[in-house]
Amino acid sequence: MTDHSACHSSPPHPHPSKTKVDDDLPADTIYTCPMHPEIEQIGPGDCPICGMALEPKGVSAEEDKTELIDMTRRFWICSFLSFPTLLLVMLDHLPGKPLEPYISSTMALWIEFALATPVMLWGAIPFFKKAWSSVVTRNLNMFTLIALGTGVAYLYSVIAALFPGLFPDAMRMNNGLVDVYFEAAAVIITLVMLGQVMELRARSQTNNAIRALLDLAPKTARVIRKDGSEEEVPLDDVVPGDHLRVRPGDSVPLDGIILEGSSSIDESMITGESMPTSKSTGDPVTGGTLNQTGSFIMEAQKVGSETLLSQIVHMVAEAQRSRAPIQKLADMVAGYFVPVVVAISIATAIIWGIWGPEPALSYALINAVAVLIIACPCAVGLATPMSIMVGTGRGAQAGILIKNAESLEILEKINVLVIDKTGTLTEGKPKLTSVITEKEQDADELLQLAASLEQGSEHPLADAIVKGAKDKKLTLSKTKDFESFTGKGVAGFVEGKHVALGNDKLLETLKIATSDLSKQADDLRAQGQTVMLVMIEHKLAGLIGVADPIKKTTPQALHDLRKSGLRLVMLTGDNEKTANAVAGKLEIDEIEAGVLPERKSEVVKRLQSEGYKVAMAGDGVNDAPALAQADVGIAMGTGADIAMESAEVTLVKGDLTGIVRARRLSQATMTNIRQNLFFAFIYNATGVPIAAGILYPFFGILLNPIIASAAMVFSSLSVILNASRLKKVKL
């Protein structure tokens, strides 16, 4: 087993009693690799397996952007230096040599040397350090390949520039100079830096999800002392048993129970449902949820890491650290490719040095370098990022935002899709769907009276009724003597008539007799609608149904997903009757109703433990743990920011047909990457033996490094052109 020195696999460390949000992490903080979670060490550093920077295991409100800032600065400076070098070489190879009257070949050579040297001796230092680490720990990876190829190309060019006399006449051009490869080394390093910057930015965005979750909880709580006085204190100072006052518009600070008062609380963070929940004495409340209407006093029961919000944060952090990168395949190939190429190069030098014609040493050096030049990983380095860049750009045109490369790789292998109901299958906004009245009651009048009564309320159900009335161009009137019945409904006088609107409990409170409408109400509930009874002049006059409509594109999208071989599972915080109603309409056989965030995550884990590759589609804060736990998280662009930050894929239009397109994009991109890797390695597999001189004994042919370079450029061009085909792929 490879000894990783300070980096080692170790059992999980106990989590602190409170979620870590300090700006400065303690000196004994455990750091781990996001790609290899088994690697852990005290303090920052690089992973000995893949070379990535290690990240702290604790959840921090502030992130360290030092590496991103440093790599971005190196990229821009190296771009400024390397691309003029490439331009010089390209112009020098044009027919008629248009630069020759202004810049001699010797001057161009030294300009290339001056521009490429800072790139290699300063810009590429992080890559060479990681390559050296990969050699020391015997975990050869892409950095090994990059450092070897660019390093040999650069050193060969330096020797060729300083000592052209070492090379045989056949290797010198008409002007006596030996062809050099400064531009190849510099441009490769710059392109690799671009990939590193994109990767670091993607990792930064995933960390934003955790910080956004932490921001849901207020920083302070209003504690009621034993003498009745109230004091605003930091949230960390609250202990179980403290009495807290929560005012309208405040976020609930911690998990607890209501002691006095009642209110309507937006619990969409927990349930994902747009309907606020009525709460009164004895009901539990959850930290991070939003108090909308009333003021109440609560008793704190769970604090710190015990709160549901902290548990959600922890689940998101753990799930994010458990992903594997798309580079794993390339690293595995490089692990075999690098030692084989080095061995062939050394063998070539030995064979030519012993049995080659005079000057044997020069021939040995030239052919050994030709082997390494043709094996230079430019095409290998471009194979994946070119396809990813073009593929993600094509996805953006189709309304599919891809956060990182690995999600495209995994999407192709997905065989189970877990879908949140509200805001994903449905629109997430309640709408007026039914108005049913007694025979003598006019439907428009009933809706107009109900909307007039509700127009002062901010409740989503009230908004749906008011909007429904306005859509019918009904004129609303003022309400007098407005009265609210907590958890039951409202009443008041509209146009001189006593109007009441609410649930069955309101009928009992007002002692109003039921009618045949009760059966129709049950039928509407079975269809997934929320029903409110309307009473006019102390008589049941009708009922209003409000529902969250299924998106128009959902049925066709689900049909296409089923046709593609995906198993569909619907999750919802709704009650089972509503869930069954929606599932029945959409022909979904598997449902999980009444689930909380941790349950959603558990369903995903269970499916993964059964061997499935799971994608999760959702739009709410409550979906964040499941989105992070899934092999691929898919967020609706119309949903919560936290859901989008926790997911790898965001559908801008919030349309499930985007998942169908994303799958097709993944399949096309991964096929393209495999083709690119084939193009990249087929040139090496064919060119390396020729560069080593295998044709010389039979045909007297040697592969000049210039031709080796041309083959390398051609392989890169093949990769670029092939990747460009993704721009026209049909989704």
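# Rings, sheets and confidence in a predicted model

User: How far apart in helix 2 (residues 105-123) are Trp110 and Phe113?
Analyst: Trp110 and Phe113 are 3 residues apart in helix 2, so about one helical turn separates them. Helices (H or I, at least four residues) and strands (E, at least two) are DSSP runs, numbered from the N terminus.

User: Before going on, what sort of model is this, and what are the ground rules?
Analyst: This is a predicted model, in which local features need pLDDT of at least 70 and side-chain atom pairs count only at pLDDT 80 or more, while totals for chains, interfaces and linings use all residues. Residues are numbered from 1 along each chain as its sequence is written, and side-chain values use heavy atoms, with hydrogens and water left out.

User: What is the average pLDDT of the protein?
Analyst: The average is 78, and 78% of the residues score at least 70. The term pLDDT stands for the predictor's confidence in each residue, from 0 to 100. Over residues 1-23 the pLDDT is below 50, and this stretch has 48 contacts in the model beyond near neighbours in sequence. A contact means heavy atoms within 4.5 Å. Where pLDDT is low, the predicted coordinates should not be read in detail.

User: Back to the rings. How many aromatic pairs are there?
Analyst: The count comes to 6 aromatic pairs. Rings of Phe, Tyr and Trp (its six-membered ring) pair if their centres lie within 6.5 Å; planes under 30 degrees apart count as stacked, over 60 as edge-to-face and the rest as tilted. One of the pairs is Trp110 with Phe113, which is edge-to-face, at 5.7 Å centre to centre and 85° between the planes.

User: Why is the pair of Tyr154 and Phe182 edge-to-face?
Analyst: The planes of Tyr154 and Phe182 stand at 65° and the ring centres are 5.8 Å apart, so the pair is edge-to-face. Tyr154 belongs to helix 4 (residues 142-162) and Phe182 to helix 5 (residues 182-214); being 28 residues apart, they link distant parts of the chain. Both residues are buried. Trp110, Phe113, Tyr154 and Phe182 are joined by ring pairs into a cluster.

User: Which residue lies over the face of Trp122?
Analyst: Arg74 does, at 4.8 Å from the ring centre.

User: Now the sheets. What is the strand order in the open sheet of 6 strands?
Analyst: The order is 15-20-19-18-17-16, with antiparallel pairing. Two strands pair if DSSP finds at least two bridges between them. Strand 15 (431-437) and strand 16 (479-485) are at the edges with a single partner strand each, so one side of each has no neighbour in the sheet. On average, neighbouring strands are turned by 20° against each other, direction ignored. Strand 19 (residues 530-536) and strand 20 (residues 539-547) are joined by 7 bridges, and Thr530 stands opposite Val546 in strand 20.

User: Which strands does helix 16 (residues 517-526) lie across?
Analyst: Helix 16 lies across strand 15, strand 19 and strand 20, at about 5° to strand 20. Axes are lines fitted to C-alpha atoms, for helices over the stretch in contact, and angles run from 0 to 180 degrees between N-to-C directions.

User: What pairing does the open sheet of 7 strands have?
Analyst: The pairing is mixed, in the order 13-25-24-23-14-21-22. Strand 13 (400-402) and strand 22 (590-592) are at the edges, each with a single partner strand, so one side of each is left without a neighbour in the sheet.

User: Why is strand 14 largely enclosed?
Analyst: 5 of the 5 residues of strand 14 are buried, so the rest of the structure largely encloses it. Val416, Val418 and Asp420 point one way, while Leu417 and Ile419 point the other way. Strand 14 pairs in the parallel sense with strand 21 (residues 567-571) over 5 bridges, where Asp420 stands opposite Leu571. Strand 14 also pairs in the parallel sense with strand 23 over 4 bridges, and Val614 is the bridge partner of Val416.

Key:
Buried < 20%, exposed > 50% of the residue type's maximum accessible area, 1.4 Å probe, protein only. Lys NZ or Arg CZ within 6 Å of the ring centre and 35° of its normal.
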